[in-house]
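Try each task yourself before peeking at the solution.

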Protein chains: 2
Amino acid sequence: MTSSQSISPYPTHLLPPLRPSACRGGRVEARVSENVSRDMVMDGDFAPPLPEGRSTRARQNGVVQPLLTDLYQITMAYAYWKSGKIADNAVFDLYFRKNPFQGEFTIFAGLEECLKFLENFQYSDSDIEYLRKTLPPTIEAEFYTFLRQLTVKDVTVYAIDEGSVVFPRVPLLRVEGPLIVVQLLETTLLTLVNYASLMATNAARYRMAAGRHIQLLEFGLRRAQGPDGGLSASKYSYVGGFDGTSNVLAGKLFNIPVKGTHAHSYVTSFLDMSELRTKTLAHRETGQEHDVLALSSAWRKRLALLLETLENEASDGEMAAMISFAIAFPEGFMALVDTSGLLNFCAVALSLNDLGYRAIGIRIDSGDLAYLSNKARETFAKVAQTYNIPWFEKLSIVASNDINEETILSLNEQGHKIDCFGIGTHLVTCQRQPALGCVYKMVEINGQPRIKLSQDVAKVTMPGRKDAYRLFGADGHALIDLLQRSVESAPKVGEKVLCRHPFQESKRAYVIPTRVEPLYKVYWQGGQVCQPIPALDEVRARVQSSLHTLRQDHKRNLNPTPYKVSVSVDLYSFIHELWLQNAPIGELS
Amino acid sequence: MTSSQSISPYPTHLLPPLRPSACRGGRVEARVSENVSRDMVMDGDFAPPLPEGRSTRARQNGVVQPLLTDLYQITMAYAYWKSGKIADNAVFDLYFRKNPFQGEFTIFAGLEECLKFLENFQYSDSDIEYLRKTLPPTIEAEFYTFLRQLTVKDVTVYAIDEGSVVFPRVPLLRVEGPLIVVQLLETTLLTLVNYASLMATNAARYRMAAGRHIQLLEFGLRRAQGPDGGLSASKYSYVGGFDGTSNVLAGKLFNIPVKGTHAHSYVTSFLDMSELRTKTLAHRETGQEHDVLALSSAWRKRLALLLETLENEASDGEMAAMISFAIAFPEGFMALVDTSGLLNFCAVALSLNDLGYRAIGIRIDSGDLAYLSNKARETFAKVAQTYNIPWFEKLSIVASNDINEETILSLNEQGHKIDCFGIGTHLVTCQRQPALGCVYKMVEINGQPRIKLSQDVAKVTMPGRKDAYRLFGADGHALIDLLQRSVESAPKVGEKVLCRHPFQESKRAYVIPTRVEPLYKVYWQGGQVCQPIPALDEVRARVQSSLHTLRQDHKRNLNPTPYKVSVSVDLYSFIHELWLQNAPIGELS
């Protein structure tokens, strides 16, 4: 017998504490919701007027809360607490070790979500109650009081700007503060950065493969990994360079353009012309009603001759579906066209033209996309020429069948006439590499550097509090990233700086930068966001401008050149002295 | 200049309308939250007492709402509405075409989430407002009124029980009702079923690879695809046969066991013994305080001789970390042990033993897992024998480094002494196949069957309203799944039935079933859930019992035998007649 009841921890955190968010040292955005009571928000009808443009900030998914973490963070917190390490301070670096997709660059994304997480960080009573039931009974009660009162006001987060091109080993975030607190943030920060960055990088790669002038639409919601996986995919593919999504909620939440036409089932729902209950449409200018069915049927006869196809191969159900769709969306007629549907489409589009409307185009979802797009373009050109309707040649051709980066590159080679790709599964699941392996490592505690050694050099950590700079050459391209100890002064424009490989002694290079970009800004301090949070469109623009500074050979799909990440002479010595101190000396026997 | 404001559509849907959910014809669960006002729920402190056992239902993630869909569903809805198809009724099948992971079975999951989605289905005012801004201005205002008032009370959903083993082409859901409404449900239902089923299947495969007696823990939150991807992964890996998760929120929401110890950073935070601020622990029985540091140091000296290792190769910082962890969790001491940590672990575990506590074991997170686990087990055995502490030999060995199904199979071949696997990235991203390709196809409209033809036979749909049966043989194993037209009467036990391949004329078999299981139940009708919703543990148990009915050769990892899905003689003719009617006759010229 099932005995069940609803527990509802979601709502507990859905409405974060609405505290004033004045901020030091930076422009700060007004947040309308802070002036809105919870009741208003909960009323279901809260929809503040949107400002002009697309600068809006969405609230965070309610599942992002302090318990969205690994249990061991909390057991460690207790062990730290129990060991008297409450006043200890630590520095953690969040970084990845390898670029995804066999590429040589990564786009950093997820920062805004990390900051929202910090803004709302607080264990609720029900969280504490759950932990009390779950952790061993030997845990001292005072620990729960400690947790309940825990805040992130003493945490400082340095971060690279969201949307920047980033590279292995250069920390994306440097998180400083009370050891217990910064440790407790680990899993959630990783979750928020890992997939967002992976997705934005994937999207940016698709954008590069498709070129600047092709529209890219994200169609992956149904294949995404969970509902929020779908939302994150829509958001970060837009950041990475996509033009829109089919996901309506993503459109609503993030103010991303939404696109879509109809599915095959729409066509299937019409068997023949007799099912067309509305057949007329008003002329765009005269307003006079015309019979679109009669017009389309007449056009279909004429076109069958022109295009040398058999009229009876065109399905009547499909034509009925297209006519009804054209009547519903006379200004936005775009139709799913299977191998045989071109004749019907052209007939309906020409009828619309008779009534003063311009069709948008077709979507192809099966078959040989290069061949079909070329054939469709030829057909459009022939119609355009025969009937003297120049824009008909420019109708949009959207392709959307199981497309990935390689498909696009291969279509480019074959030659195609596609204007827009709708991309689902491979984009949102990041098929080629479904996870970015960001890690979060302690590099300093109570002012003392820490190094983690490993047989595998790639897993050795770079100790201490570090700053990062990007050095640019005279042609505007990024030359190298340089990590330094935070106590060192920044490299200067026009001054020679020796950049060393962090682990290979012989690899060194002198660089004279024409421009030096410090990569970190303080994004969180004193319990507040300390930088203006850019709108999604600004982050999206930064992706393209940041990629633009990267040499083409780092970005190409096949065998790209690795971009160099180096350390200063000082940091190099620091790492290697600490390494020697920490490595046990073996004895041969 | 960034001008931003918060918009907050999340909360709008977070608290679904709390309407009474009495249900016809089935046991129905009490829902505590329905007696709780919104204010209470929003207060942040709502934590109803849990009943005994683990039967609880969590509220749905607030992002699951009617706008979590593709835009074309809404444009189609308008076109249907505009074409006067408001009263049309349709039947859609939700099914997949191919089992994932090169396997021959799939676990169906996500049904409960689909039902919750239906329970809460309603467009809010802010949804309508958003659509009004987003869709073309030519859309008639009445359509928005229609949408605002739309309900799913006339929809009926037939479904296979969640947790069942299922096969390609057998619909998991049959959704019937007003064409516009059932079309609008497509994307969200697919999103909720696709990843849940993929994840549960993946977990079930790991369970089979590991065998019944190995503990499996899901550790993938940080690498999951978005925060909800992480929650779904935890939930459905538990359903598929895992024993627990590291994800605390999943534990809280779904009442799944949570597990975890400490990360490497805990070890890194201690440099040497001097950092141990608390050194004493009370004896479990006498209550007398003892110096664990002194005990452990003495044990380490003795063990170094016994195990023939050098004491100075063991890190003092690591021992300090282990001692502090043991003091915090004397009843639950489990330590992350890198290649060199075994000596320290044994020393601390023996000190705990002196004080009346039993350690739990170790976690290995790097290196050769087979070798290290064997070495650790030998060490434990030697200690157990030398000091006459039999349980020491049985200490748990957890392994957790980048494990996938193949790693487990390979470790099985090599021979290992691991008791528990902690599995992250590969489990939650379903690396081998990151999406299950469920589709949602119209099979009937207004009582008329619909077929979708395709060059690719796998993409041809099976028309009409169908029922599905599983036929079992005398040995209790499932023999074949049989699809019939809903108008046919069910196959009977002991009566010969001819089962045909749906598309290959020559493939037929007579079956005399010993047991016949009708696969569908009405889960949603009249605006209500119509079956008791099993608790997560019951679904989890069904996965194992359902898999148990499947012959071993269908389940094996390498070259499994396909399980047969067949159609009745009647359905076969029905499909093929309709096919001929719909296929245009070509002309050779």
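**Exercise 1.** This is a predicted model. Work out the strand order of the open sheet in chain B, then find its edges.

*Solution.* Start with the order: six strands of chain B line up as β9-β8-β15-β14-β13-β12, forming an open sheet with parallel pairing. Next, look at the ends. β9 (244-245) and β12 (334-336) of chain B each have a single partner strand, so one side of each lacks a neighbour in the sheet, and these two are the edges.

**Exercise 2.** How many bridges join β12(B) to β13 of chain B, and which residue is the bridge partner of B:Leu336?

*Solution.* Follow β12(B) to β13 (residues 361-364) of chain B: the two run parallel and are joined by three bridges. Now zoom in on B:Leu336, whose bridge partner in β13(B) is B:Arg363.

**Exercise 3.** Describe how helices α7 and α15 of chain B pack.

*Solution.* First, the geometry: α7 (residues 179-210) and α15 (residues 405-414) of chain B pack at an angle of about 5 degrees, and their axes lie 9 Å apart. Angles under 35 degrees count as roughly parallel, so that is the label for α7(B) and α15(B). Then list the contact: α7(B) brings B:Arg205, B:Tyr206, B:Ala209 and B:Ala210, while α15(B) brings B:Glu405, B:Ile408, B:Leu409 and B:Asn412. Finally, sort the residues of this α7(B)–α15(B) contact: five are nonpolar, one is polar and two are charged.

**Exercise 4.** Which feature does UniProt place at residues 465-574 of chain A, and what is the helix and strand content there?

*Solution.* The unreviewed UniProt entry gives "domain: Nicotinate phosphoribosyltransferase C-terminal" for residues 465-574 of chain A. Over that stretch of chain A, 21% is helix and 34% is strand, with the end C-alpha atoms 11 Å apart.

Notes
Residues are numbered from 1 along each chain as its sequence is written. Chains are lettered from A and ligands numbered from 1 in the order in which they are written. This is a predicted model: local features need pLDDT of at least 70, side-chain atom pairs count only at pLDDT 80 or more; totals for chains, interfaces and linings use all residues. Side-chain values use heavy atoms; hydrogens and water are left out. Two strands pair if DSSP finds at least two bridges between them. Helices (H or I, at least four residues) and strands (E, at least two) are DSSP runs, numbered from the N terminus. Axes are lines fitted to C-alpha atoms, for helices over the stretch in contact, and angles run from 0 to 180 degrees between N-to-C directions. Angles under 35 degrees count as roughly parallel, over 145 as roughly antiparallel, 65 to 115 as roughly perpendicular and the rest as oblique. Contact means heavy atoms within 4.5 Å. Ala, Val, Leu, Ile, Met, Phe, Trp, Tyr, Cys and Pro count as nonpolar, Asp, Glu, Lys and Arg as charged, and the others, Gly among them, as polar. UniProt positions are given in the numbering used here, feature names are shortened, and annotations may be inferred rather than shown by experiment.
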